[in-house]
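Visitor: I am new to this structure and would like a guided look. Could you take me through it step by step?

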Amino acid sequence: MLWVNKDIEAEQVAIESPDLTAAIVRLPERLIFMASVYVEGGEASALEDACDHLRKAILKVRRDTGAVVDIMIMGDFNRHDQLWGGDEVSLGRQGEADPIIDLMIEFALSSLLKRCTKTWHGGGQSGDCESTIDLVLASDNLTDLMTKCVIHGVEHGSDHRTIETVFDASWSAPEHQERLLLKNAPWNEINARIASTLAATPSEGTVQQKTDRLMSAVSDAVHNLTPRAKPSPHAKRWWTTDLTQLRHIYTYWRNHARSERRARGKVPRLEKMAQDAAKQYHDAIRKQKKKHWNEFLADNDNIWKAATYLKSGEDAAFGKLPQLVRADGTTTADHMEQAEELLSKFFPPLPDNIEDEGARPQREPVEMPAINLEEVERQLLAAKSWKAPGEDGLPAIVWKMTWPTVKYRVLELFQASLAEGSLPRQWRHAKIIPLKKPNKENYTIAKAWRPISLLATLGKILESVVAERISHAVETHGLLPTSHFGARKQRSAEQALLLLQEQIYTAWRGRRVLSLISFDVKGAYNGVCKERLLQRMKARGIPEGLLRWIEAFCSERTANIQINGQVSEVQSLPQAGLPQGSPLSPILFLFFNADLVQRQIDSQGGAVAFVDDFTAWVTGSTAQSNREGIEAIINGALDWERRSGATFEAEKTAIIHFAPKMRKSDHEAFIIKGQTVVPGNHVKILGVLMDTRLKYKEHIARAASKGLEAAMELRRLRGLSPATARQLFTSTVAPVVDYASNVWMHACKDKAMGPINRVQRVGAQAIVGTFLTVATSVAEAEAHIATARQRFWRRAVKMWTDMHTLPETNPLRRGTDRIRKFRRYHRSPLYRVADALKHIDMETLETINPFTLAPWEERMQPDMDQPQDVQTRAGLYMQIAVSSSARNELVGFGVAIEKQPPRYRKLRLKTLSVTLGARAEQNPLSAELAAMAHALKMVVGIKDYRITLLTSNKAAALTLRNPRRQSGQELVCQIYKLMRRLRRNGNRIKIHWIRTSEDNKLSSLAKEQARTATQEDALQQERVPRMKSTTLNIARSQAVPCSQLPENIGRHAKRVDAALPGKHTRLLYDRLTWKEATVLAQLRTGMARLNGYLNQINVAETDQCDCGQARETLQHFLFRCRKWTAHRTELLQCTQAHRGNISFALGGKQPSDDQNWTPNLE
């Protein structure tokens, strides 16, 4: 075995022997082949085999590296020779070590240990049986550097002595950057220092100068005033000084007992002392680890950190990068060569000849005003506070905490950057972290790794602002193809898959075959040609000023790469493309490949794309008749490739014929870029395995397998409370299984549900500790997790509802009528969902657009915490109070307007009430927003008034402050439109939120009017589109399967708890530790570690209790067994009336309990 410092570059060398371990150690100026050896004594062939293995390994390393390799071999050779053993070695033993001598001569090795040094003591430390059989052999260069090779002074209790060898070789440990404790930073002091520094520096200059001054001020203040993290003094975070003391005691008695055992045999007193010390030491370790882990999990902030431990080391994206094999077969020698190899693969040069695109129609540029402070602030607050920063080491939390001090400097810098079309060098530099691509066979080739660029946080904020503006232009003016589903708001991979599946079923209903081809762009972002990108963006309407800034964004980029903790030198990137990790890169790539995706979707064919994944299809009577169409798609794609400088990976190109009958299919190959592509029976599109007949058997099995792995990883996190484990199951296990379930849930029949139900049982075991033999429905009820079918239906109902709120530009929205129709053959997979919700008028649902307001438009800032201003009201003013009411299955609103006319006339008061609609269509939030819109429309003609809008609905006030893609969007747009008109007439408007506890006469009047609007005999007065949120809740209540145990399953569980499944199980378990929850769950399910159950499954020989009185059943254990009399006292003291009641004892409901029953948690 070899132990190597983690800061040293080392790579294991494969040797086909369990007794040899070798590695190549890479120091700055030398390579060292190091091997640890054990040779069995008395076997001549063992030594010869070991020497042969070493010889082959050394020659292979020298051949592969092509450099001088020093050699060091050490270990127990079990052979004697006068060369190292001295004259005491008998002549009869001379010659047994000849293979070692031959190896030393062949590779010029020397024995470093002083001749006659005794390394083995066979008769104890006081005995006379000792010899030299452990060797340290080194090549000449290492021999010259050796400063010490002696027996180590500490006795470790072994019959072999430790040999300490020291070399004077130059090596410096990499510098580890100190970690700042930003959570403990003194932000007041930091802001004060930044303010004083900026006040003393000029604000004029170039973009680069402004950036340097700002970064210097912020960085200096943060680094000088923020405390540093103190690393743990122990290798293990749970280690303590008490464990160190126990280890010393244990080591002392163990070594003492071993020495006496070898010298004179076992001494019972010493053996007992050694055993007791070992038990005390290892028990203390187990207790301390458990204590530290429980304390770690007790902090809710550590839940998601615990989730990162779910992945095993092999599956982790971050891994140690080995020496890489180049295309010519040579291997890199150090981290600098590794960096060169990775950068050459990550950023390949463009083709020498890129064809000209020629003239193309130009769209009128989209107008965009200058950025404002609110726009920048919104993107900063949306950024993740602790996301890994770039080279400057300043995450978003730094800019959020210093924002009041630096915001005007940042805004000025951003405006100058966009106006001048230039970026400072800090924003064009990337610190690249290579990540493993999952499920690759060989990670010694650069292609198995992908780059992630860590960019300057401040630059990413500006990139987010630009990306938001471009996205708004795309959705508002239709700058991109409607079939582009990636990196766009309100679009997803699942929508693209549903659209494709609907096209397949449509073709089948017309007795046609759909033939599909899928392309993958090699190194998509990094392979973008800047000139082509700018041409295509200009043609689609991006303004000239923004194009200049994007050109600077793509130009003169630099990078360094971090490999195994060491950072390479900064290198310029002649062909950088678009940086991975930038929020701007995805939307820019959509413009780059828009021409490729621009295809009409109709009965003859179509295309969809998700960023760099492009899929196109044609339909025809047979697969053979579609051949010409597929070849036309291939030729078009290759033509786009030649004009773009991009490269399709031919080995990742897939073709499949979706045919309802096999006789219409065809397996004739296609030739693409000289490679043969044979149509397959399966193709992976956006993470889903689709087969020719859309049965999805392979995908369902794969989803269940991945879900089982995730559930088993969750189960390995021992000590999680049930609440935490349930939360992790919902966020880490269920999404793995449920991905794109709307596409394949129709094919998930009862038989296919078996593997998925297994995931549910393992998940329940991780949450409350039920046995795997417990029925799935019972385990789900005890763990209080939704069944897989419930999850599938909830997602399906949400998807069906969302589809009806999409704008008409989304191709999936136009297909809802076709899905809803009943067909005898090949009906849509979503028909079941549509049929279950046929009584809900989805066509009247509101339309929710990707953007509520333009990014640069000012948002209202309601007064949320300040009391209402009651000062003297001079001049023209108006107060408008609005209120909503939902009762009698109706929703309505009331408005009260108080107006101060000119020339101090008497106050005018006006009230009104409006019935909005049925409770099944509207909700109090929509009524509150409708009331505001109605009131503002009434006063839209006034001028020079101070208008205060009063509302007691906090959700409505927050909605106006931060409009999103949500229910009531159309009303929010109407409110903002009316407020803009009022402001143009000189009015000033503010919104004030009033707590319901506040006494406000005008709000009381509005509330009275709202209640009038919802009287039993009220009729609808105003038509408003149906609200999505309300409709979704009603749809789920109608279509999602109810939670109930099947009739013939869980008989014991039903006897214990007649309320299963129910929310009370969450109350029962969430107060318990995992160990307590495990005991309770096993008792409630009847499958516990009691002989009555263990005998049934042939684990226990008898079903009798150890007390010898009766069978060890649940009732006997809880109420009658004599062994537990003392423990039972507390249980019996809880009640007199329910003694012997198993349901009461285990927190369950009896059939005789009423509907208001709740578990007695006392």
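Predicted model: local features only at pLDDT ≥ 70, side-chain atom pairs only at ≥ 80, totals over all residues.

Visitor: What does the C-alpha trace span along its principal axes?

Guide: The C-alpha trace spans about 125 × 90 × 80 Å. The protein has 1162 residues, of which 49% count as buried. Buried means under 20% relative accessible area, exposed means over 50%, and partly exposed lies in between (1.4 Å probe, protein chains only).

Visitor: How many salt bridges does the structure hold?

Guide: The structure holds 54 salt bridges, a salt bridge being a side-chain nitrogen of Lys or Arg within 4 Å of a carboxyl oxygen of Asp or Glu. One of them joins the side chains of Arg 30 and Asp 70, at 2.7 Å from N to O. Arg 30 lies in strand 3 (residues 30-38) and Asp 70 in strand 4 (residues 69-76), so this pair ties together parts that are 40 residues apart in sequence.

Visitor: Are those two buried or exposed, or in between?

Guide: Arg 30 counts as partly exposed at 22% relative accessibility, whereas Asp 70 counts as buried at 4%.

Visitor: Which residue forms a salt bridge with Arg 55?

Guide: The partner of Arg 55 is Glu 106, and their closest N and O atoms are 2.5 Å apart. This pair links distant parts of the chain, with Arg 55 in helix 1 (residues 44-65) and Glu 106 in helix 3 (residues 98-107), 51 residues apart. Glu 106 is partly exposed, with a relative accessible area of 42%.

Visitor: And where do Lys 798 and Asp 802 lie?

Guide: Both lie in helix 26 (residues 788-805), 4 residues apart, which is about one turn of the helix. Lys 798 and Asp 802 form a salt bridge whose closest N and O atoms are 2.8 Å apart. Lys 798 is partly exposed at 34% relative accessibility, and Asp 802 is buried at 15%.

Visitor: Which residues do salt bridges with shared partners join into one network?

Guide: That network consists of Glu 355, Glu 357, Arg 360, Arg 536, Arg 540, Asp 595, Asp 639, Arg 642 and Arg 643. Arg 540 sits in the loop between helix 16 (530-539) and helix 17 (544-554). Arg 540 counts as buried, with 13% relative accessibility. Its side chain makes a polar contact of 3.0 Å with the side chain of Asp 595. A polar contact is a pair of N or O atoms within 3.5 Å; within protein, one must be able to donate a hydrogen and the other to accept it, and residues adjacent in sequence count only if both atoms are side-chain atoms.

Visitor: Let us turn to the backbone. Where is the peptide bond that is cis?

Guide: The peptide bond from Leu 1060 to Pro 1061 is cis, with omega near -15°. Pro 1061 is found in the loop between helix 34 (1051-1056) and helix 35 (1064-1070).

Visitor: Why mention that?

Guide: Most peptide bonds are trans, and most residues other than glycine have a negative phi. Tyr 696 has a positive phi, near 60°. Tyr 696 lies in the loop between strand 23 (688-691) and helix 21 (697-715), and counts as buried at 0% relative accessibility.

Visitor: What about the phi of Asp 944?

Guide: The phi of Asp 944 is also positive, near 60°. Asp 944 is placed in the loop between helix 29 and strand 27 (946-951). At 51% relative accessibility, Asp 944 counts as exposed.

Visitor: Which helix holds Leu 929?

Guide: Leu 929 lies in helix 29 (residues 924-938), and at 0% relative accessibility Leu 929 counts as buried. The C-alpha atoms of Leu 929 and Ala 955 are separated by 9.9 Å, and these residues are 26 apart along the chain.

Terms used: Residues numbered from 1 in each chain as written. Heavy atoms only, no water. Helix = DSSP H or I, 4+ residues; strand = E, 2+ residues; numbered from the N terminus.
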